[in-house]
There are 2 protein chains.
Amino acid sequence: MKSQGIKITPQRLAIAEVLVNSTDHPSVQQIHERVKDHFPSLTLNTIYSTINVLVKRGLIQELPFDQYSRYESNLNPHLNLVCTVCGEIKDSHQAESLVRDLLVEVKDTQNFEIAWQRMDLYGECIKCMPKAN
Amino acid sequence: MKSQGIKITPQRLAIAEVLVNSTDHPSVQQIHERVKDHFPSLTLNTIYSTINVLVKRGLIQELPFDQYSRYESNLNPHLNLVCTVCGEIKDSHQAESLVRDLLVEVKDTQNFEIAWQRMDLYGECIKCMPKAN
DNA sequence: AAATCATTTGATAACATATATCATTAAGGA
DNA sequence: TCCTTAATGATATATGTTATCAAATGATTT
């Protein structure tokens, strides 16, 4: 999988596993928390370094936010649903065909070659909505 | 215009003018450069403070990027075309109807209340494309 | 399997964007 | 014009991220 030029180490495997198995777009801090049980010596430095390699090779996507970046391994065009109350981020695959239509239209009509995209919808998720009675 | 609760000062007016009249999504540093001719004493501190007020009132949008944030006053749903070569960011109004369709579909089918959105397309703008002969 | 080479790891330090504090100054309503 | 409240700007602080570099580890060759 990452045998395309990236040296494999146990640390890197652990970091990559967290990224692949997480759907909540973890931050560097969160990755660290999920890895340090198995690698108590693993520092943030190593996570930053590994993530930079993965981002540069296009294997994961970085999503810069207000305070810090979050990361995801889902590279298919999709929408990120970002709850501004609880901070949770979930992928939406609902409108995928419309997303594709959008990208095709831009490709055809704009003088712009799309390499990748980031589409965030900010608002309130169902869990944070005031309950109606 | 901003007489909805925000104290007006010459510095704030100058900053707001830059934001309204710029289409290139300026950073704090860029805003400073464009303002300090008329306000040599105006510091980055004031720009950060003013921008925070405007963002909190929903009058401008913050776009966090890798290194630093950029800002725009266009609050209508649209696509940002971000050139990864020259760094230029331009709004695309081409696919606006498709963007609206997308938002409507999510509103109807997802359990998510959209407040605002950010849609970035990353790639190469026409000026940075290798010329074909 | 051992040795070599290159790269990663992790500790420390450095950077940069952004924020906090606070005295002085200015805005805006009475 | 006075007065209250808030903004400005100087300084210091916080925090996410990157740079440096010796020691350790992974991959490759002999």
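Quick term first: when I say domain, the bounds come from an automatic or database domain assignment. With that, chain A splits into domain 1 (10-72) and domain 2 (79-128). Their C-alpha centres sit 22 Å apart. As for touching, 9 residues of domain 1 of chain A are in contact with 11 residues of domain 2 of chain A, contact being heavy atoms within 4.5 Å.

Some housekeeping: this is a predicted model, so local features need pLDDT of at least 70 and side-chain atom pairs count only at pLDDT 80 or more, while totals for chains, interfaces and linings use all residues. Residues are numbered from 1 along each chain as its sequence is written, chains are lettered from A and ligands numbered from 1 in the order written, and side-chain values use heavy atoms, with hydrogens and water left out.

Now the DNA. Which residues come nearest to DNA strand C? Of the 20 around it, those are Thr9(A), Ser41(A), Asn45(A), Asn45(B) and Tyr48(B); a residue is near if one of its heavy atoms lies within 4 Å. By class, that surface has 12 polar, 5 nonpolar and 3 charged residues, where Ala, Val, Leu, Ile, Met, Phe, Trp, Tyr, Cys and Pro are nonpolar, Asp, Glu, Lys and Arg charged, and the others, Gly among them, polar.

Asn45(B) goes for a base: a side-chain N or O atom is 2.7 Å from a base nitrogen. Tyr48(B) has a side-chain N or O atom 2.7 Å from a phosphate oxygen. And Gln11(A) puts a polar side-chain atom 3.4 Å from a sugar or linking oxygen.

Next, the sheet. It's open, with 6 strands in the order 4(A)-3(A)-5(A)-5(B)-3(B)-4(B) and mixed pairing. Two strands pair if DSSP finds at least two bridges between them; strands (E, at least two residues) and helices (H or I, at least four) are DSSP runs numbered from the N terminus. At the edges, strand 4 (89-92) of chain A and strand 4 (89-92) of chain B each pair on one side only.

Zooming in, strand 3 (residues 79-83) and strand 5 (residues 112-125) of chain A run parallel, joined by 4 bridges. There, Val82(A) has Tyr122(A) as its bridge partner. That's my tour!

Methods. A polar contact is a pair of N or O atoms within 3.5 Å; within protein, one must be able to donate a hydrogen and the other to accept it, and residues adjacent in sequence count only if both atoms are side-chain atoms.
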